[in-house]
Each structure stands twice: as C-alpha cells, then as structure tokens.
Amino acid sequence: MTQERHIIVTETDLERLQRVLDVHGNGRNAELAEMLEQELARAEIMSAQEVPADVVTMNSTVVFEDEETGSRREVTLCYPQDARSDEGRISVLAPIGSALIGLSVGQSIEWPFPGGRTRTLRIVAVPYQPEAAGHFHL
C-alpha cells in the first residue's frame with residue numbers, strides 16, 4: 001500500500017482527524033478510514049507553528065502529479081463535510097486525500113485506488129498552507 005515515507009501531521013489536524021475517524025470508521029467509508037488511520041499512525045506530530053510550509057496539511061492547496069501519466073492536478077484537502085470535487089475540494093477520506101496528507105514537496109507515494117489500480121503520486125507544490133499563512137483555526 002504505502003511506501004514508508006516520512007510524513008508530518010499537526011497536533012490540531014490529528015485531533016480533528018481522529019474525530020473524522022470516529023464518525024466514519026464504520027460504515028461505507030470504513031476501508032478509507034482505515035487507510036487514513038494507518039497513515040496517521042506513522043506520522044510525526046508537530047505543532048502548527050513548527051510545521052514546514054511545504055507539508056500538505058488539512059485545508060492546504062496542493063499540486064500533485066500522477067507519475068505514470070504525468071498529469072498534474074491542483075486540489076484543496078478538506079474534511080468530508082466540506083468536499084466539493086467540482087470545486088477541487090477533495091476529502092481526506094478520498095483515496096487521493098488520504099494519500100496526500102502529511103507529504104512534503106518532492107515526496108512520492110504509491111497508493112491503491114478503486115478498481116485495484118495503484119498510482120504513484122508526487123507532490124509538486126503547496127501553493128497555500130493555512131499554517132504558513134498564519135491561519136491556525138481553519
């Protein structure tokens with residue numbers, strides 16, 4: 001599933017994501033919630049003030065590339081209730097969302113997608129990160 005890559009999650013994001021897992025851990029999103037939980041279990045936890053500006057945190061805008069196709073996409077990583085795929089707002093419980101959380105610019109991750117496919121995604125840029133912008137309460 002995942003490669004052992006160093007990922008970083010803020011204390012605030014971890015606390016909020018634990019609540020998401022509590023709500024979505026059983027039911028139709030159980031498998032996606034489990035994947036997210038596995039990612040969080042291996043994360044380095046940091047304060048919002050200490051997190052590097054090139055790390056994908058919750059509510060960050062991120063540009064990533066599918067290494068197989070070379071296609072790039074810009075999305076904003078959000079909580080399930082705020083997801084609007086037509087607006088580029090991707091839930092952290094979506095396969096892409098749980099793959100991106102905690103990665104830094106330049107890092108790649110192999111991640112399983114529906115239909116049995118595995119894709120390798122690489123972080124190209126983090127044009128907006130709430131913590132870097134001083135927006136600690138998003």
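**Ground rules.** I am working with a predicted model, where local features need pLDDT of at least 70, side-chain atom pairs count only at pLDDT 80 or more, and totals for chains, interfaces and linings use all residues. Residues are numbered from 1 along each chain as its sequence is written, and side-chain values use heavy atoms, with hydrogens and water left out.

**Sheet.** I looked up the strand order and found β5-β4-β3-β7-β6, an open sheet of five strands with mixed pairing. Strands are DSSP runs of E, at least two residues, and helices are runs of H or I, at least four, numbered from the N terminus. Pairing requires at least two DSSP bridges between two strands. β5 (89-91) and β6 (108-112) are the edges; each has a single partner strand, so one side of each lacks a neighbour in the sheet. I then checked β4 (residues 72-78), which pairs with β5 in the parallel sense over three bridges. T76 has R89 in β5 as its bridge partner.

**S47.** I found S47 in the loop between β2 (44-46) and β3 (61-66). Its relative accessibility is 15%, so S47 counts as buried (under 20% relative accessible area, 1.4 Å probe, protein chains only; exposed is over 50%, partly exposed in between). Leaving aside neighbours within four places in sequence, S47 is in contact (heavy atoms within 4.5 Å) with T10 and E11.

**Helix pair.** I looked at α1 (residues 11-24) and α2 (residues 30-41), whose axes come within 9 Å and cross at roughly 155°. Axes are lines fitted to C-alpha atoms, for helices over the stretch in contact, with angles from 0 to 180 degrees between N-to-C directions. L14, L17, L21 and H24 of α1 meet A30, A33, L36, E37 and L40 of α2.
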